[in-house]
Amino acid sequence: MAFRQALQLAACGLAGGSAAVLFSAVAVGKPRAGGDAEPRVVEPPAWAGAARPGPGVWDPNWDRREPLSLVNLRKRNLEPGEEELASRLDHYKAKATRHIFLIRHSQYHVDASLEKDRTLTPLGREQAELTGLRLASLGLKFNKIVHSSMTRAIETTDIISKHLPGVCRVSTDLLREGAPIEPDPPVSHWKPEAVYYEDGARIEAAFRNYIHRADAKQQEDSYEIFICHANVIRYIVCRALQFPPEGWLRLSLNNGSITHLVVRPDGRVALRALGDTGFMPPDKISRS
């Protein structure tokens, strides 16, 4: 219980402390002979170090790409002068905006026992067609499609890709569905803490790998599509906006929906759309 409470406090940024500090403050252990508990330090999971600096406080270096954090001031014995430092900072400044489109896979056969058999339903295939048409109608020059390696995400990508010819595709296990972090409020379909511990690390890795400001070498704005799963998208949105990640389950996403995140060169993030399916007829909308 103490482990879980520390995680929740860390992720919410309470007391202005980091997750590592909060976790190290948790003392648990077996009782001594006299009845007192013998304290021991509990190490935080690797992904818990991404906690916010404090409630309502925006961390400008959330993606570890703030120019000042990239300048190696120890490279020389002497501290750089103002002009040299300004030049070095400019070298690391992002110049382009990243537009990130997070697409939830279409409806699939949820009752199949094997993952490979959880293919899209006929309605799911229609939804993917509608999503592909919608993305194509935006008239944007999409740079790439990154998709989960799960069957339903691959099939959704196959259909959407037909409407975006020439856009390269990349498959990754990082975007596979999972349980990112224990939700608050808790849910009745409880999962062991180990499930969140393992899935959470992978999904956090996906966030760190794909959601960040543009590289300083990128000259033009980019438009990237990520086709994956509801839990992954909900967690990414909370992390990108620096909202408490335990709130991911409070968000609801339809099949084939479009979520649009914008990451500015200065690291600021805006949510343009969340789970948009307004382009679908009402009888084609589903959540399962």
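**Close-up views of a predicted model**

**View 1. The whole chain, before we zoom in.** Count up the secondary structure and you get 8 helices and 8 strands. Keep in mind that this is a predicted model. The chain has 288 residues, and 46% of them count as buried. Its accessible surface comes to about 15000 Å², with 53% of that belonging to carbon and sulfur atoms. Now take the contacts between residues at least 6 apart in sequence: 70% of these join residues at least 24 apart.

**View 2. Six strands side by side make an open sheet.** Reading across, the order is E5-E4-E6-E3-E7-E8, and the pairing is mixed. Which strands stand at the edges? They are E5 (168-172) and E8 (269-276), and each has a single partner strand, so one side of each has no neighbour in the sheet. Going from one strand to the next, the twist averages 20°.

**View 3. Here we look at E4 and E5, which run parallel.** To find your place, look for Val146, which stands opposite Val170 in E5. Helix H6 (residues 151-162) packs on the sheet as well, touching E3 (98-104), E4, E5 and E6 (222-228). The direction of H6 makes about 155° with that of E4.

**View 4. Helix H8 is another one that packs on the sheet.** Which strands does H8 touch? The list is E3, E6, E7 and E8. Compare directions here too: that of H8 makes about 150° with that of E3.

**View 5. Ser252 sits in a loop.** You'll find this loop between helix H8 (230-240) and strand E7 (258-263).

**View 6. Who does Ser252 meet in the fold?** Set aside the neighbours within four places in sequence, and Ser252 is in contact with Arg234 and Arg287. With Arg287 there's a polar contact, made from side chain to side chain, at 3.2 Å. Look for Gly275 too: Ser252 and Gly275 are 23 residues apart along the chain, but 7.4 Å separates their C-alpha atoms.

Methods: Residues are numbered from 1 along each chain as its sequence is written. This is a predicted model: local features need pLDDT of at least 70, side-chain atom pairs count only at pLDDT 80 or more; totals for chains, interfaces and linings use all residues. Side-chain values use heavy atoms; hydrogens and water are left out. Helices (H or I, at least four residues) and strands (E, at least two) are DSSP runs, numbered from the N terminus. Contact means heavy atoms within 4.5 Å. A polar contact is a pair of N or O atoms within 3.5 Å; within protein, one must be able to donate a hydrogen and the other to accept it, and residues adjacent in sequence count only if both atoms are side-chain atoms. Buried means under 20% relative accessible area, exposed over 50%, partly exposed in between (1.4 Å probe, protein chains only). Accessible areas come from the Shrake-Rupley method with a 1.4 Å probe; for residues, only the protein chains shown count as cover. Two strands pair if DSSP finds at least two bridges between them. Axes are lines fitted to C-alpha atoms, for helices over the stretch in contact, and angles run from 0 to 180 degrees between N-to-C directions.
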